[in-house]
Amino acid sequence: MRRNLPISLLATALLLAGCRAEEPDSPVPSTSDDRSVGHIHGLGVDPADGTLYVATHHGLFHVDRSGEPRRVADRWQDTMAFTVAGPGRFLASGHPDLREDLPPHLGLIESTDAGETWRPLALQGEADFHILEKVGDDLYAYDATSGRLLVTQDQKSFTEVAQLPLLSISADPEDSNGLLGTMNQGQLIEIDATTGATAERPGPPLVLIETTSEGDVVGIDPAGTIHVSDDSGETWTRHGSIGGQPAAFSITGTEWYAATQDQVIRSVDDGDTWTKVL
């Protein structure tokens, strides 16, 4: 039976949906607003130099060691999905800078120079990916226009895994053929990446999830509380709080980054305490 969506979870789901309800355009470029990060969609650390990149409705920003954000390449594309695939190599999706003669949906795009330039890889004009998640050699991509979760190994051809309303996905540390996902109702589900079958897992309502290199699953609930599971989501322990509704979440080694509507924060103690980055 479909449960009614709590108000707090509904607000978070709408926030993460971002421009699904908006016109698929980026803002008109304005040089006077070059350091305004705005609505955050994704976070990632470039292993080339260990610095943070912030994907937003107003473009991609690089945050250097001083903590100052810099718009990359004066580009204003609405970067809805974002993942770091290697040193200087980023994968993304979203909507173009209004100065570019491109379709409203970028499909899957790639940068090999840390966001300075981008090239189309697949489904330009067709897909609006809101989730991109690398799991081994597979790239999982969630298309908000169709509600389909797709998978690709070559970033060119895609296979449908399932169709369902997702907020986030991550690797299932106990199943090499499985994924964990969060849905609009806040429930955690397991997804068989081979058959597309799903099953609900117990636990708190979660919005965003990540899997650590040690095999722990980390989730953030609608209020911003951190929950950690060491048994693939069967049981959970509460840690700290990010202090508001989550907008983005990323784990790289011992560094955990999270974003709310008005700040980016960082934890190096498994989410117990957080310090402001941006």
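Reader: Which arginine forms a salt bridge with glutamate 190?

Author: Happy to start there, with the note that this is a predicted model. In the pair, the closest N and O atoms are 3.1 Å apart. The partner is arginine 201.

Reader: Is arginine 201 buried or exposed?

Author: The cut-off for buried is under 20% relative accessible area. Glutamate 190, at 28%, counts as partly exposed. Arginine 201 has a relative accessible area of 9%, so this residue is buried.

Reader: Which residues are linked with Glu190 and Arg201 in a network of salt bridges?

Author: A search of the whole structure finds ten salt bridges. Some of the charged residues are linked in a network, and Glu190 and Arg201 belong to it.

Reader: In which sense do β15 and β16 pair, and what is the bridge partner of isoleucine 189?

Author: β15 and β16 are joined over four bridges, in the antiparallel sense. Their hairpin has five residues between the strands, and there glycine 196 takes a positive phi near 85°. The bridge partner of isoleucine 189 lies in β16 and is glutamate 200.

Reader: How many residues apart in sequence are the parts that arginine 75 and glutamate 100 tie together?

Author: These two form a salt bridge, with the closest N and O atoms 3.0 Å apart. Arginine 75 lies in the loop between β4 (69-71) and β5 (78-86), and glutamate 100 in the loop between β6 (89-95) and β7 (108-111), so the pair ties together parts that are 25 residues apart.

Reader: Which of those two is partly exposed?

Author: Let's take each in turn. Arginine 75 has 17% relative accessibility and therefore counts as buried. The partly exposed residue, with a relative accessible area of 25%, is glutamate 100.

Reader: What is the N to O distance between glutamate 110 and arginine 89?

Author: Glutamate 110 lies in strand β7 and arginine 89 in strand β6, so the pair ties together parts that are 21 residues apart in sequence. Glutamate 110 counts as buried, at 6% relative accessibility. Their side chains meet in a salt bridge with an N to O distance of 2.5 Å.

Reader: Which residue's side chain does histidine 41 join in a polar contact?

Author: Histidine 41 is found in strand β1 (residues 40-46). At 13% relative accessibility, histidine 41 counts as buried. A contact of 3.2 Å joins its side chain to that of aspartate 78.

Reader: What is the phi of aspartate 270?

Author: As background, most residues other than glycine have a negative phi. Aspartate 270 sits in the loop between β23 (264-267) and β24 (275-276) and is partly exposed, with a relative accessible area of 43%. Although it is not a glycine, aspartate 270 has a positive phi of about 60°.

Reader: And where is aspartate 74 found?

Author: Aspartate 74 is not a glycine either, yet has a positive phi of about 50°. At 38% relative accessibility, aspartate 74 counts as partly exposed. Its place is the loop between β4 and β5.

Reader: Which residues touch the most other members of the largest nonpolar core?

Author: This core has 16 residues. The elements that give two or more residues to it are β9 (129-135), β10 (138-143), β11 (148-152), β12 (159-163), β13 (166-171), β14 (178-183) and β15 (188-192). The residues that touch the most other members are Tyr140, Leu149, Val161, Leu166 and Ile191.

Reader: Which element gives the most to the lining of the largest pocket?

Author: About 820 Å³ of space lies in this pocket. Its lining has 42 residues, of which Phe82, Leu132, Glu133, Glu210 and Phe249 lie nearest the centre. Among the elements that give two or more residues are α1 (7-17), β17 (208-211) and β21 (248-252). The element that gives the most, with seven residues, is β1.

Reader: Which strands stand at the edges of the open sheet of four strands?

Author: The order is β21-β22-β23-β24, with antiparallel pairing. Within the sheet, four bridges join β22 (residues 255-259) to β23, and tryptophan 256 stands opposite serine 267. The edge strands each have a single partner strand, so one side of each is left without a neighbour in the sheet: they are β21 and β24.

How values were computed
Residues numbered from 1 in each chain as written. Predicted model: local features only at pLDDT ≥ 70, side-chain atom pairs only at ≥ 80, totals over all residues. Heavy atoms only, no water. Core = buried A, V, L, I, M, F, W, Y, C linked by side-chain atoms within 4.5 Å. Buried < 20%, exposed > 50% of the residue type's maximum accessible area, 1.4 Å probe, protein only. Salt bridge = Lys/Arg side-chain N within 4 Å of Asp/Glu carboxyl O. Pairing = 2+ DSSP bridges. Polar contact = N/O pair within 3.5 Å; in protein donor to acceptor, adjacent residues only side chain to side chain. 1 Å grid on protein atoms, 1.4 Å probe; cavity = no way out; pocket = protein on both sides within 12 Å on 5 of 7 lines; lining within 4 Å. Points joined across faces, edges and corners; volume = space filled by probe spheres on them.
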